[in-house]
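Work through the exercises below with the structure open. Each task is followed by a stepwise solution.

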Amino acid sequence: MRPTIAQFPAARMRRARQTPAIRALTRQNALSVDDLIWPIFVRSGEGIEEPIASMPGVFRRSVDKVVDAAREAADLGIPAICIFPYTGIEERTEDCAGAWDPQNHANRAIRAIKAAVPEIAVMTDVALDTYNINGHDGFVEDGEIVNDRTIVALVKMTLAQAEAGADIIGPSDMMDGRIGAMRTALEAAGHQNVMILSYAAKYASAFYGPFRDAVGASGALVGDKKTYQMDPANSDEALRLVERDLSEGADMVMVKPGLPYLDICRRVKDTFGAPTYAYQVSGEYSMIKAAGQNGWIDEERVMMESLMAFKRAGCDGILTYFAPAAARVLAAQR
Ligand code: PBG
């Protein structure tokens, strides 16, 4: 629908921009702390907060420090955090058995957070890349990333996370058929309230570079992920993937990366009306940080503008490494 508009001077669009009060009154979208999911990295050890060189201000934390971070997030009003494990090359194997070990760092972190900060929602990562010797999200056989055998492992991983107390399972692997298999297994195991936020439209993106450093996958990855992650040239395929994942039992869907894919966010929201999230990924974060640290942009304003863009594109929430910084800005604005 095209809005009716009078001719100048009956219509003067600048009337709606004249003062802060009028601008507030006519503002269409709002960013709230309720929209934020904070991804954090967990590693072995105790008392450790290890900086990640390519992501200034982001750390790999031992489980005790992850609990502190969860408390900080809850105090800021952030509704959810998302746990990503860091594994050294010596912790990785070809059979990826660490992925469904109830005692891996991620599952220990989930239990510790649920015990200490029960009010925050905990989201997980389901994919084999952080446990795989070759850095891929699925098992590799003769150079091929195999689908169906990987699903069996992803289901085991899902159940271990649900057992540990996860609220939201986050499959980031892009195998076909995994949502249905995970949903069926969760129902059968009595985890009917555990949600699935599917990385439904995940692109094979160069913007993941700093994340792969953060989780220890950069050196490990053999080849690329183009046989399972989407081609950045495609748009209709994203809608088919979202529809498929919703039909298999996903509660929420994600588009990833974020800012370069806002057109996809808008199409997904308009087409399905499902809870829709975007992941402002590591490369997006690092670019803003780097330019900010060089004094080339106003980091805080660019951060807030980039997050508002997701709301404008129809997203219900954003996974962002800026979550605590943005929450602080929002609190100061009130
Ligand atoms: C892999 C995974 C990736 C990210 C989240 N889960 C990287 C990849 O697909 O290689 C990227 C997140 C980011 O860049 O911030 N399971």
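**Exercise 1: a salt bridge within a helix**

Asp 270 counts as exposed, at 55% relative accessibility (buried is under 20% relative accessible area, exposed over 50%, partly exposed in between; 1.4 Å probe, protein chains only). This is a predicted model, in which local features need pLDDT of at least 70, side-chain atom pairs count only at pLDDT 80 or more, and totals for chains, interfaces and linings use all residues. Residues are numbered from 1 along each chain as its sequence is written, and side-chain values use heavy atoms, with hydrogens and water left out.

Task: Which side chain meets Asp 270 in a salt bridge?

Solution.
1. Apply the rule: a side-chain nitrogen of Lys or Arg within 4 Å of a carboxyl oxygen of Asp or Glu.
2. The partner of Asp 270 is Arg 266, at 3.0 Å, N to O.
3. Both lie in helix H8 (residues 262-272), and because they are four residues apart, about one helical turn separates them.
4. Arg 266 is partly exposed, at 33% relative accessibility.

**Exercise 2: another pair**

Task: How far apart are the closest N and O atoms of Asp 68 and Arg 71?

Solution.
1. The distance is 3.8 Å, and the pair forms a salt bridge.
2. Both residues lie in helix H2 (residues 63-76), three residues apart.
3. Asp 68 is partly exposed at 38% relative accessibility, and Arg 71 is partly exposed at 37%.

**Exercise 3: the network**

Task: Which residues are linked with Asp 173 in a network of salt bridges?

Solution.
1. The network joins Asp 173 to Asp 176, Arg 178, Arg 244, Asp 245 and Glu 248.
2. For the model, the count comes to 20 salt bridges.

Note on methods: Helix = DSSP H or I, 4+ residues; strand = E, 2+ residues; numbered from the N terminus.
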